[in-house]
Amino acid sequence: RGFGFEAEKHPVPAAAAKAAGLESITYLIVRRRYGAGRKDGAPGLWRHRPRMVPIAHRKEPMMPQPEIVVVGLDAETTVRKVLDAAIDRACSETREIVLVSVCAATGESVEMEELDHEALRNAARMDARLVLERAEAHCRSRGVGPRLVVREGDPASEIVALAAEVGATLVVVGSRGRKGVVKTLLGSVSADVARRAPCSVLVVR
């Protein structure tokens, strides 16, 4: 009771803040007054020296804007969710979005020696192409024209290889949500890509 406070803001020149690695620095000059004031309306006495309280605003680290984005897709991932994450992460400086779907290579075996392996390979590539065409339609609905790539082999290896080939600055993949023994036995494509990719990786759940 009987105390009052007053504060004045005094910004520090931008050059000094920049030299300190900060966005801005503002000093608050705080004074404390004792007494509610005199009967004639004059303020009470300042009984303490002004205190200078610095307030620093540090710049938030900026994530580099991706120039080429590679998006790995398959029939088991939530395609729209992955695409939306990739498009939202892209910016005006993004030169290209590459959509890739990898179909597993058909291996020769005694049990399958009578089957037409070329027909199986074509069917797998067609399925991958269908995934990409649906994804392309969604991208174009958002004003983005992607490039489509179908690969054959190990999904993680092919996505990583494509990212290196096109000089990708970001890879976006979906997580299938496998857990426990299933994840241990089958592995995780997203984890493998994140570990081996030559650039940043965004995993979408």
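**View 1. Contacts and composition of the whole chain.** Among contacts (heavy atoms within 4.5 Å) in the protein chain between residues at least 6 apart in sequence, 68% join residues at least 24 apart. The model is predicted, so local features need pLDDT of at least 70 and side-chain atom pairs count only at pLDDT 80 or more, while totals for chains, interfaces and linings use all residues. Residues are numbered from 1 along each chain as its sequence is written, and side-chain values use heavy atoms, with hydrogens and water left out. The secondary structure comes to 6 helices and 9 strands, where helices (H or I, at least four residues) and strands (E, at least two) are DSSP runs numbered from the N terminus. Buried residues, meaning those under 20% relative accessible area with a 1.4 Å probe and protein chains only, make up 32% of the 205 residues in the chain.

**View 2. The parallel partners of β5.** Strands are taken to pair if DSSP finds at least two bridges between them. Strand β6 (residues 96-103) runs parallel to β5 and is joined to it by 6 bridges, and within this pairing Leu73 stands opposite Ser101 of β6. Strand β8 (residues 170-174) is also parallel to β5, through 3 bridges, and Val171 of β8 is the bridge partner of Val70.

View 3. A nonpolar core is a set of buried Ala, Val, Leu, Ile, Met, Phe, Trp, Tyr and Cys residues joined through side-chain atoms within 4.5 Å. The largest such core has 22 residues, of which Val69, Val71, Leu73, Leu83, Ile97, Leu99 and Val172 touch the most other members. Two or more residues are given to this core by each of β5, α2, β6, α3 (117-141), β7 (147-152) and β8, and the largest share, 5 residues, comes from α3.

**View 4. The neighbourhood of Ile97.** Leaving aside residues up to four places away in sequence, Ile97 touches Val69, Val71, Ile87, Ala90, Val144, Pro146 and Arg147.

Conventions:
Buried < 20%, exposed > 50% of the residue type's maximum accessible area, 1.4 Å probe, protein only.
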